[in-house]
Amino acid sequence: MLTDQGHSFQHYCSDVTISFPVNGRFTEKQAQIYNIVLKASRAVFQKLKPGTDWIECHKLAERITLEGLVELGMLTGSIDEMMEKRIGFIFMPHGLGHFIGLDTHDVGGYLAHTPKRNDQPGLANVRTARIIEEGNVITIEPGCYFRDFLLDGEIPADFYEFDLSYLNRDKIREYQAEISGVRIEDVVLVTETGNENLSYDIPRTVPQIEACMANKENWRDL
């Protein structure tokens, strides 16, 4: 189950997404996909600081996702070629995150003096192309989904014609039988030297989630 939760506190918004197995235990395939998304999330956390290009953060999450899917046999070919041909859009058709504050999707993503929106698939959905500054509050929310209309190329050709030869549909179907998609979303404050996870007290690793769902009080220690 994937739940996208919008909370508020003293008029300020939060927005966190958690993904978990409804029976409390991940299957092997579910855990594999979950860990790919978690790896992408943590890579962006490591990268994010003042001066970071948000579009490059999105591309980093895409690259890690594609590398993970290649490792599992769902994709075959050059990662660089797949990045250039926007194959990552098929598995993460939304942007990496958004500014957040008095509004859940807060204003300021595209301003007169900031970089313009990229019109490529996936990148057009990124809610800002800004260079990140200290004091920004933004979400980090990579995801990986298996949607048939994207996997089958059922997108108008005048939008974009994807090269589906990289996809191993038989292997993808094996995973679709157990999992439709994963997203992990946190709210992050950009600090002088890096960032602070404002939604830190959430079970995120596979062992933490399983322990929390088993009502084990020590899940934070795992």
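Let me start with a definition: buried means under 20% relative accessible area, exposed means over 50%, and partly exposed is in between, using a 1.4 Å probe and protein chains only. Take Lys116 with that in hand: at 61% relative accessibility, Lys116 counts as exposed.

Before going on, the housekeeping. This is a predicted model, so local features need pLDDT of at least 70 and side-chain atom pairs count only at pLDDT 80 or more, while totals for chains, interfaces and linings use all residues. Residues are numbered from 1 along each chain as its sequence is written, and side-chain values use heavy atoms, with hydrogens and water left out.

Okay, back to Lys116. You'll find Lys116 in the loop between α4 and β5 (137-140); helices here are DSSP runs of H or I with at least four residues, strands are runs of E with at least two, and both are numbered from the N terminus. Not counting residues up to four places away in sequence, Lys116 touches Tyr110, Leu111 and Ala129, where contact means heavy atoms within 4.5 Å. Thr128 is 12 residues from Lys116 in sequence and 8.4 Å from it in space, C-alpha to C-alpha.

Gly135 sits in that loop between α4 and β5 as well. At 47% relative accessibility, Gly135 counts as partly exposed. Leaving out residues up to four places away in sequence, Gly135 touches Leu189 and Val190. Gly135 and Pro50 are 85 residues apart in sequence, and their C-alpha atoms are 8.7 Å apart in space.

Now for the inside. How many residues does the largest nonpolar core have? It has 34, and those with the most contacts inside it are Ile33, Leu69, Phe91, Phe146 and Leu167. By nonpolar core I mean a set of buried Ala, Val, Leu, Ile, Met, Phe, Trp, Tyr and Cys residues joined through side-chain atoms within 4.5 Å. The elements giving two or more residues to this core are α1 (28-47), α2 (54-71), α3 (79-84), α4 (88-91), α5 (148-151), α6 (169-176) and α7 (206-213). The largest share, 6 residues, comes from α1. There's also a second, separate core of 21 residues, which includes Ala40, Ile55, Cys57 and Leu96.

Let's zoom in on Ile33. Not counting residues up to four places away in sequence, Ile33 touches Leu69, Leu72, Met74, Cys144, Phe146, Tyr175, Ile179 and Val182.

Then there's Leu75, in the loop between α2 and α3. Buried or exposed, what does Leu75 count as? At 2% relative accessibility, Leu75 counts as buried. Again skipping residues up to four places away in sequence, its contacts are Leu66, Leu69, Val70, Met82, Phe91, Tyr166 and Leu167.

Next, the helix pair α1 and α2. They pack at an angle of about 150 degrees, with their axes 9 Å apart. The axes are lines fitted to C-alpha atoms, for helices over the stretch in contact, and angles run from 0 to 180 degrees between N-to-C directions. So α1 and α2 are roughly antiparallel to each other; the cut-offs are under 35 degrees for roughly parallel, over 145 for roughly antiparallel, 65 to 115 for roughly perpendicular, and oblique for the rest. The crossing of the two is right-handed, that is, the near helix is turned clockwise from the far one by less than a right angle, with anticlockwise being left-handed.

Who meets whom there? From α1 we have Ile33, Ile36, Lys39, Ala40, Ala43, Val44 and Lys47, and they meet Glu56, Cys57, Leu60, Ala61, Ile64, Thr65, Gly68 and Leu69 in α2. Those residues divide into 10 nonpolar, 2 polar and 3 charged.

Arg86 has a phi near 65 degrees, a positive value in a residue other than glycine. Arg86 is in the loop between α3 and α4, and is buried, with a relative accessible area of 2%. Asn215 also isn't a glycine, and has a positive phi of about 65 degrees. Asn215 is in the segment after α7 and is exposed, with a relative accessible area of 68%.

Notes:
Ala, Val, Leu, Ile, Met, Phe, Trp, Tyr, Cys and Pro count as nonpolar, Asp, Glu, Lys and Arg as charged, and the others, Gly among them, as polar.
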